[in-house]
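This briefing covers fold, pockets, aromatic contacts and backbone features. The structure is shown below for reference.

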Amino acid sequence: MVAKEEKQMWLHAHVGLWSLALILFVIGYIGLKAGWTTFLKIVQMVLRLVFVLVFITGARLVFIWYQAGNYGWPTVKGLFGLLVIAMMEMILTRGRKNEKTGVFWALLLVGLIAVFYIGYGVLG
């Protein structure tokens, strides 16, 4: 069993990192629309590093839930979290190539709603 303090530490790291990821995504999208290609490349590389850290902290939290015998909702939340990361990456990458991103925006919105609902509503 994992100590409550350790779970809180991982949770706070995870929340801080995905908050940073959302901020960097918005900054990157603004840079994309403004035509700052070099700036966008830098932001996207930093965002990818943050994605890796979000994945690591999220995987640890899922493992903590597994140790407590809770398998269903943490797995679903993890999959939706991966969807959110993938859609953020696709929007910036395809946007830089001037390709359509409407479907990716819709999937990002669905993923974000699901992640927030499961994370704060179901798992608490």
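Helices (H or I, at least four residues) and strands (E, at least two) are DSSP runs, numbered from the N terminus. The model is predicted, so local features need pLDDT of at least 70 and side-chain atom pairs count only at pLDDT 80 or more, whereas totals for chains, interfaces and linings use all residues. Residues are numbered from 1 along each chain as its sequence is written, and side-chain values use heavy atoms, with hydrogens and water left out.

**Overall fold**

- The protein chain holds four helices and zero strands, in the order α-α-α-α from the N terminus on.
- Taken along the principal axes, the C-alpha atoms fill a box of roughly 50 × 25 × 15 Å.
- Of the 124 residues in the protein chain, 33% are buried; buried means under 20% relative accessible area, exposed over 50%, and partly exposed in between, with a 1.4 Å probe and protein chains only.
- Helix 2 comprises 31 residues and spans 44 Å from its first C-alpha to its last, close to the expected 45 Å; the expected span is 1.5 Å times one less than the number of residues.

**Pockets**

- On a 1 Å grid over the protein atoms alone, a pocket is an open set of points where a 1.4 Å probe fits, with protein on both sides within 12 Å along at least five of seven lines; lining residues have an atom within 4 Å of a point.
- Grid points are joined across faces, edges and corners, and a volume is the space filled by probe spheres set on the points.
- The largest pocket contains about 760 Å³ of space. Its lining has 34 residues, and His14, Trp18, Gly58, Lys77 and Val115 are the closest to its centre.
- Helix 1, helix 2, helix 3 and helix 4 each contribute at least two residues to the lining of the largest pocket, and helix 3 provides the largest share, ten residues.
- By class, the lining of the largest pocket comprises 24 nonpolar, eight polar and two charged residues. Ala, Val, Leu, Ile, Met, Phe, Trp, Tyr, Cys and Pro count as nonpolar, Asp, Glu, Lys and Arg as charged, and the others, Gly among them, as polar.
- The second largest pocket has a volume of about 160 Å³. It is lined by 14 residues, with Leu32, Lys33, Gly95, Arg96 and Asn98 nearest its centre.
- Helix 1 gives the most to the lining of the second largest pocket, with four residues. By class, this lining has five nonpolar, six polar and three charged residues.

**Aromatic contacts**

- Rings of Phe, Tyr and Trp (its six-membered ring) pair if their centres lie within 6.5 Å; planes under 30 degrees apart count as stacked, over 60 as edge-to-face and the rest as tilted.
- The count by this rule is six aromatic pairs. One of them is the edge-to-face pair of Tyr29 and Trp105, at 5.1 Å centre to centre with 85° between the planes.
- This pair links distant parts of the chain, since Tyr29 is in helix 1 (residues 4-34) and Trp105 in helix 4 (residues 102-122), 76 residues apart.
- Tyr29 is partly exposed, with a relative accessible area of 24%, and Trp105 is also partly exposed, at 31%.
- Trp18, Phe116 and Tyr120 form one aromatic cluster.
- Lys7 lies over the face of Trp65, 4.0 Å from the ring centre; the criterion is NZ of Lys or CZ of Arg within 6 Å of the ring centre and within 35 degrees of the ring normal.

**Backbone features**

- Gly69, which follows helix 2, has a positive phi near 85°.
- Asn98, a residue other than glycine, has a positive phi near 60°.
- Asn98 lies in the loop between helix 3 and helix 4 and counts as exposed at 72% relative accessibility.
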